[in-house]
Amino acid sequence: GREAAGQELCQPCQHQVRLDNAGIIVEPGDKESLFIPLLLADCVEAALPTANSYLVALAPLPDTGGVRGDVQSEPPSNPALQDVWLFCLSGSYFCLKEFFSELSSRGALRWDLHDCYKVEEKCIAAGNCGQIFLRETVIAA
């Protein structure tokens with residue numbers, strides 16, 4: 001049933017997957033590399049029935065015709081969400097949260113903010129466009 005589906009889904013990857021300064025690079029070997037931008041990409045996870053396995057969904061903003069390296073991309077005809085990437089990760093819950101920290105340090109938007117941080121109620125600074133609150137990590141290593 002459900003556990004078998006989780007085991008099927010979480011098979012070893014045949015591609016090289018790595019983080020660079022602005023996103024995730026997937027190198028399928030004999031094909032051209034894929035770049036997944038992380039700036040303002042939504043990322044969320046769900047536990048799989050297999051022990052220490054997680055499904056991570058990553059939804060980058062649609063390409064707006066920007067330049068990445070020396071490759072010029074065309075603007076999409078429909079600016080709606082175009083791609084959602086799914087990654088299966090194996091490891092501890094702490095490793096998953098470390099991965100999310102790496103994604104967010106490259107601009108991804110985490111949906112698990114309140115699971116990972118305790119945000120103080122008192123505002124320490126405010127401006128025209130926002131407020132600043134202290135936060136404390138609640139996940140122990």
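Q: What makes D115, C116, Y117 and K118 contacts of V138 in this predicted model?
A: Contact requires heavy atoms within 4.5 Å. Leaving aside neighbours within four places in sequence, V138 meets this criterion with D115, C116, Y117 and K118. V138 itself is placed in the segment after strand 11 (131-137).

Q: How far apart are V138 and K118 in sequence and in space?
A: V138 and K118 are separated by 20 residues in sequence, and their C-alpha atoms lie 6.4 Å apart.

Q: Why is V138 called partly exposed?
A: Buried means under 20% relative accessible area and exposed means over 50%, with partly exposed in between. V138 has a relative accessibility of 46%, and therefore counts as partly exposed.

Q: Why is L61 described as partly exposed?
A: The relative accessible area of L61 is 46%, which lies between the limits of 20% and 50%, so L61 is partly exposed. L61 is found in the loop between strand 5 (53-59) and strand 6 (67-68).

Q: What makes L39, L40, L61 and L109 a nonpolar patch?
A: A patch takes residues with over 30% relative accessible area, and nonpolar side chains are joined within 5 Å. L39, L40, L61 and L109 form such a patch on the surface, with about 370 Å² of accessible area together.

Q: Why should residues 1-7 be read with caution?
A: The pLDDT stays under 50 over residues 1-7, for which the model has seven contacts beyond four places in sequence. Residues 65-72 also have a pLDDT below 50, with eleven contacts beyond near neighbours in sequence. Where pLDDT is low, predicted coordinates should not be read in detail. The protein chain averages a pLDDT of 77, and 74% of the residues score at least 70.

Key: Residues numbered from 1 in each chain as written. Predicted model: local features only at pLDDT ≥ 70, side-chain atom pairs only at ≥ 80, totals over all residues. Heavy atoms only, no water. pLDDT = per-residue confidence, 0-100. Helix = DSSP H or I, 4+ residues; strand = E, 2+ residues; numbered from the N terminus. Buried < 20%, exposed > 50% of the residue type's maximum accessible area, 1.4 Å probe, protein only. Patch = residues over 30% accessible without salt bridge, like charges linked within 9 Å, V, L, I, M, F, W, Y side chains within 5 Å. Areas by Shrake-Rupley, 256 points an atom, 1.4 Å probe, with all protein chains shown as cover. Salt bridge = Lys/Arg side-chain N within 4 Å of Asp/Glu carboxyl O.
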